[in-house]
Amino acid sequence: MLKSYYNLNAIEAGLDEVGRGCLAGPVVAAAVILPRDYRHSFLNDSKQLSKLQRQELEREIIRESLSWAVAEVDNFEIDKINILKASFLAMHRAVDKLRMKPEHLLVDGNRFTPYPMIPHTCIIKGDAHYLSIAAASVLAKNYRDELMSRLSSQFPHYGWEHNVGYPTIHHRKAIGLHGPCSYHRMTFKLLKEDLQSAEEAETQDLGFL
């Protein structure tokens, strides 16, 4: 069972993001403050859960949490500031939207841009260790999956209802056939040829070291 808190003496919000490795759509983050005595038998990293489990958990998280929020940074902002900064910005925006002000942030990952006046702790694979981070991962993934599924009705070529913007073979082939759309991240390597060119360039650079 995952841990209920990292800092017993503070109002603690778990933070997580989804969509960092996608070729299209926003990066989405969530922040969740759970009661200190909260327990759950199967709440875990959202990637380890089925869609039905995540939907059931979302209802419970919204009902049981002291405060929760979801925020996003769109593909245009991602292209301007890069995906890492965009991920941190999405987390900051989620914290901004919380009704209750946290006193400590528990962040999934190994890096984070400090939020003003609130200390934080980074936890590698935190969504597999702490309930609040796992809850944030569930809310963020559900929100983003539903968003990409809705967008797929406007852009059916890319199969977003299945791949939610990740670089699957089908997604890359569709970009090659139809070109990118207004939701694609233009600073990312959208086509397989781009990836091969980048790898070849890196190999050539290494040869000169």
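Tutor: Rings of Phe, Tyr and Trp (its six-membered ring) pair if their centres lie within 6.5 Å; planes under 30 degrees apart count as stacked, over 60 as edge-to-face and the rest as tilted. By this rule there are six aromatic pairs. Phe88 and Phe112 are edge-to-face, because their ring centres lie 5.8 Å apart with the planes at 75 degrees. This pair links distant parts of the chain, 24 residues apart: Phe88 sits in helix α3 (residues 83-97), Phe112 in the loop between β4 (104-108) and β5 (120-123). Helices (H or I, at least four residues) and strands (E, at least two) are DSSP runs, numbered from the N terminus. Phe88 and Phe112 are both buried. Buried means under 20% relative accessible area, exposed over 50%, partly exposed in between (1.4 Å probe, protein chains only).

Phe155 and Trp160 make a tilted pair, 5.9 Å centre to centre with 50 degrees between the planes. Trp160 counts as buried, at 0% relative accessibility. Ring pairs also join Phe155, Tyr158, Trp160 and Tyr183 into a cluster.

Now the strand. Seven of the seven residues of β1 (residues 12-18) are buried, so the rest of the structure largely encloses it. Both faces are covered: Glu12, Gly14, Asp16 and Val18 are buried on one side, Ala13, Leu15 and Glu17 on the other. Two strands pair if DSSP finds at least two bridges between them. β1 runs parallel to β4, joined by four bridges; Glu12 has His104 as its bridge partner there. β1 runs antiparallel to β2 (residues 27-33), with five bridges. Glu17 stands opposite Ala29 in β2.

The model is predicted: local features need pLDDT of at least 70, side-chain atom pairs count only at pLDDT 80 or more, and totals for chains, interfaces and linings use all residues. Residues are numbered from 1 along each chain as its sequence is written, and side-chain values use heavy atoms, leaving out hydrogens and water.
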